Every structure is written in structure tokens, then in C-alpha cells.
Amino acid sequence: MTPRAADVAIRAAEPDDADALWAIFEPTLRAGETYAIDQDVSRHDALGWWLRLAHEVHVATIDDRVVGTYFLVRNHDGPGSHVANAAYVVGPDARGRGVGRTLCAHSLDRARERGFTAMQFNFVVSTNTAAVELWRAMGFEIVGRIPDAFDHPTRGLVEAYVMHRFL
């Protein structure tokens with residue numbers, strides 16, 4: 001049986017989640033298709049980036065198994081600190097089950113609770129069509145295009161989008 005979004009629980013990440021997070025990150029990062037991070041990034045560096053102190057990190061679970069994660073952070077300091085930023089990863093075996101939508105909805109709620117007035121994604125790879133479609137369905141608009149910003153491993157140079165929505 002395929003779990004529905006209702007089967008997905010969200011909780012704050014815990015130190016004991018590191019192995020589960022790496023199991024989700026590694027295939028995504030090694031594929032090199034969605035994040036502007038070196039494909040050969042170490043476990044230590046990838047987890048250090050995701051779990052840095054400025055990031056509020058949550059995980060999605062199905063039957064107590066971590067299947068996805070997001071972090072929430074302010075996009076900029078000072079006069080730009082009212083705009084949130086977030087990043088998401090869903091494990092390969094949990095894609096298409098509503099996990100990404102559930103993570104995004106939770107992050108939007110947390111952003112509102114923290115007093116942010118908008119959320120912006122600074123670098124959405126244009127070939128990541130599942131993410132682009134999901135973000136549009138969640139109310140985000142493409143407000144900028146960065147030509148040849150991402151060197152996709154099979155498609156070469158592709159554009160990246162800046163996506164935004166008010167909260």
C-alpha cells in the first residue's frame with residue numbers, strides 16, 4: 001500500500017537522525033541534478049551544511065522512518081530578514097507520496113509562525129520539473145530566471161529559477 005500524505009508526520013530533526021538524513025541526501029547529491037553542491041561532497045560536509053545552527057530542520061516520517069527533510073532559514077539578514085528560504089529533500093523511495101507537499105506546507109506554516117512575510121527559493125533547477133510543478137501548486141511564482149546557471153550532468157547548462165510567494 002502506498003502511504004498518503006496523511007500518513008506523513010513532521011517533527012524537528014534530532015541528532016540521531018544523521019544516518020537517515022544521509023541515506024536521503026546521498027542519492028540526491030550524487031545524482032547532481034538538483035542541488036548546486038559538488039556531487040562528491042562528503043557525508044560530514046553535507047550534514048554540516050544541512051544541520052547548521054541557523055537552519056531550523058524538520059524531518060518527515062512514515063511509520064517512524066525518516067523519508068524526507070527540510071530546513072527553514074531567513075533568506076538574508078537585516079532589511080531582508082522578513083523573507084524565509086527553505087530547502088527540501090525527499091528520499092527516492094518516498095517520492096510521489098505527498099511527502100514533498102507535506103514538508104512544504106509545514107515549512108510555510110513555520111515561516112508564518114516565525115513572522116516571515118514571504119518565502120523565496122533562490123535556485124530551483126529548471127529541469128527539476130517535479131519540484132517546479134509542486135512549488136507552483138503551493139503558490140510560488142517564477143520571479144527570475146538565471147540563464148545557464150546549473151551544469152546538469154546529462155543536459156548541460158540549464159537555467160535556474162528564483163521562485164517566490166507571499167505568506
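Before we look at any residue, one term is needed: two strands are said to pair if DSSP finds at least two bridges between them. Please also keep in mind that this is a predicted model.

Let us begin with strands β6 and β7. Strand β6 covers residues 141-152 and strand β7 residues 156-166, and they pair in the antiparallel sense over eight bridges. In this pairing, Phe150 stands opposite Val158 in β7. Three residues lie between the two strands, which form a hairpin.

We now turn to the sheet. Seven strands make up an open sheet with mixed pairing, in the order β1-β2-β3-β4-β5-β7-β6. Its edge strands are β1 and β6, each of which pairs on one side only. On average, neighbouring strands of this sheet are turned by 25° against each other, direction ignored.

Within this sheet, β4 and β5 pair in the parallel sense over two bridges, and Val83 stands opposite Ala118 in β5. Helix α3, residues 99-113, lies across β1, β2, β3, β4, β5 and β7, and runs at about 35° to β3.

Finally, the aromatic rings. How many aromatic pairs are there? The count comes to twelve aromatic pairs. One of them joins Tyr88 and Phe121 edge-to-face, at 5.8 Å centre to centre and with 85° between the planes. Tyr88 lies in β4 and Phe121 in β5, so this pair ties together parts that are 33 residues apart in sequence. Both Tyr88 and Phe121 are buried. Elsewhere, Phe25, Tyr35, Trp49, Trp50 and Phe71 form one aromatic cluster.

How values were computed:
Residues numbered from 1 in each chain as written. Predicted model: local features only at pLDDT ≥ 70, side-chain atom pairs only at ≥ 80, totals over all residues. Heavy atoms only, no water. Helix = DSSP H or I, 4+ residues; strand = E, 2+ residues; numbered from the N terminus. Phe/Tyr/Trp six-rings, centres within 6.5 Å; stacked < 30°, edge-to-face > 60°. Buried < 20%, exposed > 50% of the residue type's maximum accessible area, 1.4 Å probe, protein only. Axes fitted to C-alpha atoms, helices over the stretch in contact; angles between N-to-C directions. Contact = heavy atoms within 4.5 Å.
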